[in-house]
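Here are my notes on the charged pairs and the surface of this one. Have the structure open as you go through them.

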Amino acid sequence: MKKKGTAINKKPEFSRPVERYFYDLDKTYGEGNYTLYAIFLFLSFFAIMGLIWMIPFPQLDFLVKMNAHTFLNWGSFFIAIVIYCYLKLAPTLSYAVLFTIGIMSYFIVQLEYIERDGGPSVVLVCSILAIIGLAGLFFASNNTKKGEASFLNLLTIGPIWLWSKVFDRLKWKY
């Protein structure tokens with residue numbers, strides 16, 4: 001005897017938008033190698049942030065007078081936008097990403113010092129890392145793609161998605 005009104009493929013309901021994003025990413029990329037995702041996503045994010053960081057920022061007179069012109073660049077705006085978007089999705093995970101971005105910022109500044117001392121250009125290093133990271137992430141994600149989430153979702157939501165896996169393993173709430 002058939003029951004009336006039962007849904008066979010019922011999609012779960014989510015209390016927060018981040019849960020829907022994580023569900024889609026788990027469904028699409030969940031069977032992949034998280035270590036590869038983390039390495040290539042880290043390289044991609046670092047390289048993109050480094051390239052944005054190196055875009056010349058206008059020397060505004062009031063910043064020069066306050067001696068604050070060295071602390072403001074396009075990377076600062078990129079970081080602020082990324083953290084704000086992640087903060088709206090999952091505050092605790094955004095703090096983990098902010099910590100990661102702090103480490104990345106340190107290494108970008110170190111690359112600037114190396115360039116100043118006659119080493120390779122930061123733009124060159126970040127461009128090479130971006131190609132390696134994006135290509136590796138693309139190939140690693142194409143081998144396991146089965147769901148609805150796009151590669152762009154993996155690039156944008158991927159950092160907090162991977163941090164959510166760490167939080168889940170440590171049994172921390174986010």
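1. The salt bridge count comes to 3. Keep in mind that this is a predicted model, so the distances below are computed from predicted coordinates.

2. How exposed are the two partners? D26 counts as partly exposed because its relative accessibility is 30%, and K165 is partly exposed too, at 23%.

3. R16 pairs with E19, and here the closest N and O atoms are 3.6 Å apart. R16 has a relative accessible area of 27%, so it is partly exposed. E19 falls in that class as well, with 28%.

4. Then there is R116 with D117, whose side chains meet in a salt bridge at 3.5 Å, N to O. D117 counts as exposed because its relative accessibility is 61%, a value over the 50% cut-off. R116 is likewise exposed, at 61%.

5. Away from the charges, which residues make up the nonpolar patch on the surface? They are I55, W74, F77 and I81, with about 380 Å² of accessible area together. W74 belongs to helix α4 (residues 74-89). With 34% relative accessibility, W74 counts as partly exposed.

Note on methods
Residues are numbered from 1 along each chain as its sequence is written. This is a predicted model: local features need pLDDT of at least 70, side-chain atom pairs count only at pLDDT 80 or more; totals for chains, interfaces and linings use all residues. Side-chain values use heavy atoms; hydrogens and water are left out. Patches are made of residues with over 30% relative accessible area and no salt bridge: like charges are joined within 9 Å, nonpolar side chains (Val, Leu, Ile, Met, Phe, Trp, Tyr) within 5 Å. Accessible areas come from the Shrake-Rupley method with a 1.4 Å probe; for residues, only the protein chains shown count as cover. A salt bridge is a side-chain nitrogen of Lys or Arg within 4 Å of a carboxyl oxygen of Asp or Glu. Helices (H or I, at least four residues) and strands (E, at least two) are DSSP runs, numbered from the N terminus. Buried means under 20% relative accessible area, exposed over 50%, partly exposed in between (1.4 Å probe, protein chains only).
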